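Dear colleague,

I am handing over the structure below, together with some notes on what was found in it. Please read the notes with the coordinates open beside you.

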Amino acid sequence: MFMMYENMPPAVLPPFHDHPNARKRGSDELLSQSGAVSNGAAMSPQPHHAADNNNDAKKAKLDKSQNGKPSRVIHIRNIPNEVSEGEIIHLGMPFGRVTNVLVLKGKNQAFLEMADEGSAATMVTYCASCPAQLRGRAVYVQFSNHRELKTDQGHNNAVGSPTNAIANTSNNTSVQAAGQGQVQGSETQGGPNTVLRVIVEHQIYPISLDVLYQIFTRYGKVLKIVTFTKNGTFQALIQYADMLSAQTAKFNLDGQNIYNSCCTLRIDYSKMQNLNVKYNNDKSRDYTNPTLPTGDANLDAASLALGESIAGAPSVLASPFAAMHGLPSPLTGPYNGVPPAGGLAGLGGFNLGAGALGVRVPGSPQPSCVLLISNLNEEMVTPDALFTLFGVYGDVQRVKILYNKKDSALIQLAEPHQAHLAMTHMDKLKVFGKPIRVMLSKHQTVQLPREGQPDAGLTKDYTNSPLHRFKKPGSKNYQNIYPPSATLHLSNIPATVSEEEIKEAFTKNGFTVKAFKFFPKDRKMALIQMPSMDDAVSALIKMHNYQLSESNHLRVSFSKSNI
């Protein structure tokens, strides 16, 4: 909490938990993100500044005519020339929700509009007894004569100032981002704007569009996101509904880590005024237009058949890597103004542990356990094949191959994070010679066919299957989940079965064995290498649960190792 509150009477102390933009943090961390703000002295005058403060008080006497009648607009004077709008916003954030700001740098003044008069009155009362500071300089806080703050309409009624004219770029060139969305203007840095440019540094783990949405939606309404890779670095353009939300997000998130000690966010304002998103898919998203196509003809056709749209599909907000690596993102806690307990040190208490997988952001649909699969090989795919393949990443409950569109299917898993894990690893994987597409469905369950309804055995219920890998809570199988590879991990091999017998079983079923090796310390397990990943996928589908002896059935999964 800020040092400015050390001597504040309890009755005056603004309650942090009532305000969505306020959070408890480590010592002065909220303002220490900006090197321009003096750490620990953001609003509290220090003893060695006393003489300066007295001089400033003589130079800038309070205008008594403005300091009488309460207003939700606050007039702040004697601000440093180089102060940013974000710093002005943060003067008011501890007292309540800030709805607008205007900085007049040439006059060393600013106006701050609060959501209500009560918040403004609390701030003025407090600052009268404990003068605020910006960059070591005393600033003077009083009520404004204005009842509301009207700013430039061109800036979405959010934050307007003549000094921000640079945000209105004259460069109308178009930048194509990974072929997914088109944005108007230049992608170089601009002034305060509704569009942020985000660069992820030290990226060890993949960052998805949904993870970015969850993080940035905590600070305001996100309209559009476009992600792309430039110079080998993952980047994104994120458009807010208003400039104040963008400024608050930038001030709070710039320099933060998505995961512990890695995936660092570097945030600038973009000069682009609007993102023109063409497709709703895993690279770009327009949350204001859920009917946009995905850009993939097969996926669009399957979505149309089910009346679904990817932008309307629920996002599973947990990190797909939490179960594997124990790496929840500290930035993706629920947006309710109250930081959950037990967060990572130095990151404001945000936490999303494995136990909180699938946590919802207000306004988001319930996370779905159902996946929509398209571009399947109609001649070879069966419910059992999909059950076995997707069962590598979760416990498949039901499978429905669409009766009128047999290259598409719905798969219901036991948990939302299992569905997200399967989507992460299986999307665009080649299965039976065709790259399948995997996306979350808006359906919460897969319905069994009604009596008399034609189905031709295309829908199957696997709820009570003995082949589920993750039925036990905290199953060790979660620690052995790996992306598809050409090498398969075999287990449950009886001691009586030899290497030749296993290789012969694979050969007899049409697979070429490139290499084989028993585990040195445990002959119940082995690695077998196929010529390609495509062959390995087909072999896993065919050979999982293959009977090796009267009481032993082979267990097959993807391996992280090569032979």
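In which sense do strand β23 (residues 515-519) and β24 pair, and over how many bridges? The two strands pair in the antiparallel sense, over five bridges, where pairing requires that DSSP finds at least two bridges between two strands, and where helices (H or I, at least four residues) and strands (E, at least two) are DSSP runs numbered from the N terminus.

Before going further, please note that this is a predicted model, in which local features need pLDDT of at least 70 and side-chain atom pairs count only at pLDDT 80 or more, while totals for chains, interfaces and linings use all residues. Residues are numbered from 1 along each chain as its sequence is written, and side-chain values use heavy atoms, with hydrogens and water left out.

To return to the strands, β23 and β24 form a hairpin with two residues between them, and phenylalanine 518 stands opposite alanine 526 in β24. Strand β24 (residues 522-529) is also joined by four bridges to strand β22 (residues 487-491), the two running antiparallel, and here leucine 490 stands opposite alanine 526.

Helix α3 (residues 85-92) packs with helix α6 (residues 243-253) at an angle of about 90 degrees, their axes being 10 Å apart; axes are lines fitted to C-alpha atoms, for helices over the stretch in contact, and angles run from 0 to 180 degrees between N-to-C directions. The two helices, α3 and α6, are therefore roughly perpendicular to each other (65 to 115 degrees). Glu85, Gly86, Glu87, Ile89 and His90 in α3 meet Leu244, Gln247, Thr248, Phe251 and Asn252 in α6, contact meaning heavy atoms within 4.5 Å.

Valine 139, which lies in strand β5 (residues 137-143), counts as buried because its relative accessibility is 2% (buried means under 20% relative accessible area, with a 1.4 Å probe and protein chains only). Leaving aside neighbours within four places in sequence, valine 139 is in contact with residues including Ile76, Arg77, Pro80 and Leu134. Isoleucine 79 is 60 residues from valine 139 in sequence, yet their C-alpha atoms are 5.8 Å apart in space.

As for confidence, the mean pLDDT (the predictor's confidence in each residue, from 0 to 100) is 73 for the protein, and 68% of its residues reach 70 or more. Over residues 1-67 pLDDT stays under 50, and the model has 135 contacts beyond four places in sequence for them; over residues 310-328 pLDDT likewise stays under 50, with 64 such contacts.

Terms used
Parallel < 35°, antiparallel > 145°, perpendicular 65-115°, else oblique. Buried < 20%, exposed > 50% of the residue type's maximum accessible area, 1.4 Å probe, protein only.
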